[in-house]
Amino acid sequence: MKTKYQYALAIISLLAAQLIWVPAQAAENLPNVIHIAGQGNPYGTPYGTAVIGVLRANGYLEKAFADEHVKIDWQFPQGTGPAINEALANGQLDFANYGGLPNIVGRGSGLRTKILASYGSSPIYVVTRKGAAIKTLADLKGKKVSVSRGTILELSLATLLNSINLSEKDIQLYDLKAADQISALTSGDIDVVVGNADILPLRDKGIADVIYTTKGKNDPANIFGSLVVTERFAQRYPEVTQRVVDAFVQAAAFASDEKNRQQVFAIWAQTKMPRNSLESDYQGDLLKDRLNPLLDNYFRANLQRGISFARDSKLIRRDIDVQQWVDDRYINQSIEKLGYQSLWTKKEANGNDSPGTR
């Protein structure tokens, strides 16, 4: 028969075992692989530009999970946003960094994602083939204009046309991927391409002229997009999600530092994008302004504008609650933890700096 002393020892031993056992049970399990995609490029290389390109090249994710032997599966589909949405729908991705319009179309079509960070803002360019006799945006009426449908550039084109009281009905619209746009313009099958820095080599090779750009402006037609995570992954692996955002913010900080400018261009040139085109795209711009990851009022206003366009264009049938979709807890924690509170400038909905943040 056990004495009261023995019972007490038994209870203390049991409690001690539970104290040891409970934290072990509470510790988050890790995935074997983290699947992440960035928007593709016309050259079909498995590399990216902007923050996602630096994240991949500098191995921030690989370093963050090296001790636990978690593999990082990188994908850069040439189909960009639409292809990324398909991969998300098929359960092939956990994270994705891609344009605002396909973000919206995916969410509006039922993809359960959360927005974790902005991928920044970039200008668009309108290039015309030599001899097309197109000098201004108004001259686009009736012309053969190409854009990649389903990408953020579709929203950019619609915004440009609206600014001159035109619509898609006033042009001959050709839905081509970036690589096909380059060959179609070169052959004369189309007159105009609306794109980002990917199409600047056409200008640099003397094949086309830039007749319009939003460069240097906080223009509604500018490109914007997001780093997203599937809700399922974030719910199952909240600590892992935080570590991924930490790595993304580290990459954004590196890419935003002017002393790293030449190294950043070298990283982006791994896409096979000509380096002189990359440098031209960023000439006169501060890296930290273009690569700002903050989910500020400017980002949310762009998102809301994109949702309105998607609804009006019948690309989505349901409304999207921006406040429910954007989850800024992760990036706020990363910035606080890593000490980047003064690196990037918050912007108001109109694109102006928020008071006291510059």
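Tutor: Of the contacts in the chain with a separation of 6 or more, 78% are between residues 24 or more positions apart, where contact means heavy atoms within 4.5 Å. Before going further, note that this is a predicted model, in which local features need pLDDT of at least 70 and side-chain atom pairs count only at pLDDT 80 or more, while totals for chains, interfaces and linings use all residues. Residues are numbered from 1 along each chain as its sequence is written, and side-chain values use heavy atoms, with hydrogens and water left out.

Student: What makes up the secondary structure of the chain?

Tutor: There are 16 helices and 10 strands. Both are DSSP runs numbered from the N terminus: helices are H or I with at least four residues, and strands are E with at least two. Along the principal axes, the C-alpha atoms fill a box of roughly 105 × 45 × 40 Å.

Student: How is the chain divided into domains?

Tutor: Domain 1 covers 33-122 + 223-338 and domain 2 covers 125-213; such bounds come from an automatic or database domain assignment. The C-alpha centres of the two domains lie 25 Å apart. Across the boundary, 23 residues of domain 1 are in contact with 22 residues of domain 2.

Student: Where do N292 and N350 sit?

Tutor: N292 is in the loop between α13 (287-290) and α14. Leaving aside neighbours within four places in sequence, N292 is in contact with S118, G120, W344 and T345. N350 belongs to the segment after α16 (329-338). From N350 to F299 the C-alpha distance is 9.9 Å, and the two are 51 residues apart in sequence.

Student: Why is α2 described as largely enclosed?

Tutor: Six of the eight residues of α2 are buried, so the rest of the structure largely encloses this helix. The buried ones are A50, V51, I52, G53, V54 and L55. Their cover includes β1 (33-38), α3 (60-64), β2 (71-75), β3 (95-99), α10 and α11 (261-268). A50, at 14% relative accessible area, is buried, and A50 has a positive phi of about 55° although it is not a glycine. After α2 comes G59, whose phi is positive, near 65°.

Student: How do you know that α5 is mostly covered?

Tutor: Helix α5 (residues 100-108) has eight of its nine residues buried. Among them are L101, P102 and I104. Just after α5, G110 takes a positive phi of about 110°.

Student: What makes a set of residues a nonpolar core?

Tutor: The members are buried Ala, Val, Leu, Ile, Met, Phe, Trp, Tyr and Cys residues joined through side-chain atoms within 4.5 Å. The largest core here has 105 residues, and I34, V54, L55, L61, W268 and L303 touch the most other members. Helix α10 (residues 238-256) gives the largest share of this core, 11 residues. At least three residues come from each of domain 1 and domain 2. As for L55, leaving aside neighbours within four places in sequence, it is in contact with I36, Y60, L61, W74, A247, F248 and A251.

Student: Why are α6 and α14 called roughly perpendicular?

Tutor: The axes of α6 (residues 152-163) and α14 (residues 297-312) come within 11 Å and cross at roughly 85°. Axes are lines fitted to C-alpha atoms, for helices over the stretch in contact, and angles run from 0 to 180 degrees between N-to-C directions. Angles under 35 degrees count as roughly parallel, over 145 as roughly antiparallel, 65 to 115 as roughly perpendicular and the rest as oblique. The pair α6 and α14 is therefore roughly perpendicular. In this contact, E154, L155, A158 and T159 in α6 meet R305, G306 and F309 in α14.

Terms used. Buried < 20%, exposed > 50% of the residue type's maximum accessible area, 1.4 Å probe, protein only.
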